[in-house]
Amino acid sequence: MLRFGTCRLDLGTRQLFRSDREIHLSPKAFDLLRALVERRPAAIPKDELFGLIWPDTFVSDSSLARIVSELRRAVGDAARDPQLIRTVHGFGYAFCGEVSEEGRPAQSLPASACCWVVLGSREIPLTEGAHLVGRDLEASVRLDWPTVSRRHARIDVVGGEVRLQDLGSKNGTYLHGRRLAGTAALADGDQVRFGSVEILFRSRRPDAVPTQSL
């Protein structure tokens, strides 16, 4: 459960509460809120939001503005003095509020994780083996977004090598902006996009201590 301002957000059950009262959000407004919260504090361009909320459909800027207005009303924010949802003029929108996670203190990555992916403020560890990416409930990297397929891609961690493979997804897997065909090796700092969702791949921590051979 995520908390910001007077609101609590449950991404798993798709519920928003404000001052202990459940607030109804349209599916598109909820998808927008999820995107902004998960990518905070980064600003998301309008084109990416269009692809997320209205995949394969052309809509005008006014449609997005209406969803943003609905969301602001729901969380008790205002465009003139934004505390949660900031308009980035000529670009898009960003979540600017402080977010805490109820009942879960900040955790470091497990020692068994040799690499991880970053989505906004989330760090998802990857241990040795195969990791499914997609909307499937069993996915190691679960991305519950309309532009992501149920079984979108796979990340294989074998020894010191990490490889990425698209699994025939509808909206494609992109490495540094190029659609992936077959498999490709991942290196620290690589930018990967699944549909419209972009993540950062990391393979070493700045505080890591090199292992000395005997």
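Is the crossing of α1 and α2 right-handed or left-handed? The crossing is right-handed, the term for a near helix turned clockwise from the far one by less than a right angle, with anticlockwise being left-handed. This is a predicted model, in which local features need pLDDT of at least 70 and side-chain atom pairs count only at pLDDT 80 or more, while totals for chains, interfaces and linings use all residues. Residues are numbered from 1 along each chain as its sequence is written, and side-chain values use heavy atoms, without hydrogens and water.

**View A. Packing of helix α1 on helix α2.** Helix α1 (residues 27–38) and helix α2 (residues 46–53) pack at an angle of about 130 degrees, with their axes 10 Å apart. That makes α1 oblique to α2, since angles under 35 degrees count as roughly parallel, over 145 as roughly antiparallel, 65 to 115 as roughly perpendicular and the rest as oblique. K28, D31, L32 and A35 of α1 make the contact with L49, L52 and I53 of α2 (heavy atoms within 4.5 Å).

**View B. The aromatic pair of F4 and F95.** These two rings are edge-to-face, at 5.2 Å centre to centre and 80 degrees between the planes (centres within 6.5 Å make a pair; planes under 30 degrees apart are stacked, over 60 edge-to-face and the rest tilted). Both F4 and F95 are buried (under 20% relative accessible area, with exposed over 50% and partly exposed in between, for a 1.4 Å probe and protein chains only).

**View C. The aromatic pair of F50 and W54.** This pair is tilted, with 6.1 Å centre to centre and 50 degrees between the planes. F50 counts as buried at 14% relative accessibility, and W54 is buried with a relative accessible area of 11%.

Notes
Axes fitted to C-alpha atoms, helices over the stretch in contact; angles between N-to-C directions. Helix = DSSP H or I, 4+ residues; strand = E, 2+ residues; numbered from the N terminus. Phe/Tyr/Trp six-rings, centres within 6.5 Å; stacked < 30°, edge-to-face > 60°.
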